[in-house]
Amino acid sequence: MPVPVPHQRTVVLPHQAGPVDDACADSAQVAGAPGAGDATAHPASQGSPASDPQQPAEQRLSADRGVPQQGLTLLLIGEDPNSHVPDMWDWAGRKVRLRTARNLTEAERLLTDDVHCILLDLPPRQPHDRTERAPGHGNAPGDELGMLRDVLRMATSHAVLVLTYETDAERAADAVRVGAQDYLFRDELDGAVLSRAVRYAVERKRADLAQRQLTESRMLAQENARLERGLLPTPLLDGSDLRFAACYRPGRSRALLGGDFYDTVRTPDGTVHAMIGDVCGHGPDEAALGVELRIAWRALTFAGLSGDELLATLQKVLEHERADDEIFATLCTVDISADGRRAGLCLAGHPAPLLAQAGERPQLLPYEFGGPALGLLPHARWPRRQVELGGSWSLMMYTDGLIEGRIGEGNQRLGQEGMTELVSRQMAAGLTGEELLDASVREVRDLNGGELTDDVAVLLLDRR
């Protein structure tokens, strides 16, 4: 059976604030209604609005200035072909277009993005349709609003305005509870009332959508925050006399994790293993890859791997997990002996740690024996260098976000030497642990003239 083609017409509607012509104040029958006549025969539709002396001044001014004469578009859904919709202008003095559909099949075809509001004309409730509500069921509407539910499912982003009769006040209230933006009684319908109701319904729908998006964004942010907190490392140093401190500042706005990562664990033989790394980039994908590398490092360390063998395995993890072949990661690992007096150092394209021994100025550990960053060379090697720590020391490991901040307004960077001098001053002032790290990062940020754009991770191990 062929689907009837619905008619579309432009309805000229009087502006609320302007004078109303007596002829225009009467209800105009919608397209297809008997006796409606040709819409083009209406005085206001024979030419531009500016040619009609009865039009409000705002409408004539809009036409004189060349404002597009296409305003709101309304879609009327109703089984009654004799439904009446009053004439009106929208709030900008532009013509309102009306589309009519007798069923949901026609409505779905006409429901395009330029439709601002749906007018759902509910047929009068028949006496046999008045169903009794069972006790304890509250005010839940019956199947008589099934068409409204269908419209709401079909038009999730459109405002819906229900038209009904004053005798159906209870059903009209139920329609709003189901999801309509508002309702109007046909008995008191006129152009001004309909104009205000349409504007209200459209703006309320926009507010509802904005609130829903805001709520979803907040829930997503909370879930991401909980996930990121759970992925931050918990140092496992039970049984060790070393003190641990860390400072972490992601470069991404409102993020808890960046592409930098670190971890510290103690294996059953008493060795303390520490690492810090940096995945190139600052987005959530880099943060996720950094977490994968950290977890892999912890698992491989507990499995007994260290040095070159460990880094080679991590490179394989990186190659399999990265989004493209251009992504790489720098890494620094330190294995501190059980007596705390010596350590093995491996560098994979990462800045060398800073060692401060008792009574001496902090010094950068040698970098010459380091290897390339992970992910750059397929068969790279990372030699392990033995470092004497002594009896009392502080070892600071960091990512390049700490040394690449600017100094003043020029392009000069802080660099490793500037960082060494900065940390030396803080240590001379008696700062240790987290206070030392927080003060150092704060001074680096002040020298940069604002927040650092790169991720920053700093890890400090002390033996006193």
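Residues are numbered from 1 along each chain as its sequence is written, and side-chain values use heavy atoms, with hydrogens and water left out. Because the model is predicted, local features need pLDDT of at least 70 and side-chain atom pairs count only at pLDDT 80 or more, whereas totals for chains, interfaces and linings use all residues.

Reader: How many disulfides does a search of the whole structure find?

Author: A disulfide is a covalent bond between the sulfur atoms of two cysteines. Here it is defined as a pair of cysteine sulfur atoms within 2.5 Å. For C332, the closest cysteine sulfur is that of C346, at 8.7 Å, which is too far for a bond. The number of disulfides found in the whole structure is zero.

Reader: Is C346 buried or exposed?

Author: The terms rest on relative accessible area: buried means under 20%, exposed over 50%, and partly exposed in between (1.4 Å probe, protein chains only). C332 has a value of 1% and is buried. C346 also has a relative accessibility of 1%, so C346 counts as buried.

Reader: How many salt bridges does a search of the whole structure find?

Author: A salt bridge is a side-chain nitrogen of Lys or Arg within 4 Å of a carboxyl oxygen of Asp or Glu. One of them joins D339 and R342, with 3.0 Å from N to O. The search of the whole structure finds a total of 17.

Reader: What is the relative accessibility of E451?

Author: E451 forms a salt bridge with R445, the closest N and O atoms being 3.5 Å apart. R445 counts as partly exposed, at 23% relative accessibility. E451 counts as exposed because its relative accessibility is 56%.

Reader: How far apart in space are G410 and N448, C-alpha to C-alpha?

Author: G410 is in the loop between β17 (393-398) and α9 (415-428). G410 counts as partly exposed because its relative accessibility is 36%. G410 and N448 are 38 residues apart in sequence, while their C-alpha atoms are separated in space by 9.8 Å.

Reader: What is the distance in space between D454 and D400, C-alpha to C-alpha?

Author: D454 is found in the loop between α10 (433-448) and β18 (456-463). D454 is buried, because its relative accessible area is 15%. In sequence, D454 and D400 are 54 residues apart; in space, their C-alpha atoms are separated by 8.2 Å.

Definitions and conventions:
Helices (H or I, at least four residues) and strands (E, at least two) are DSSP runs, numbered from the N terminus.
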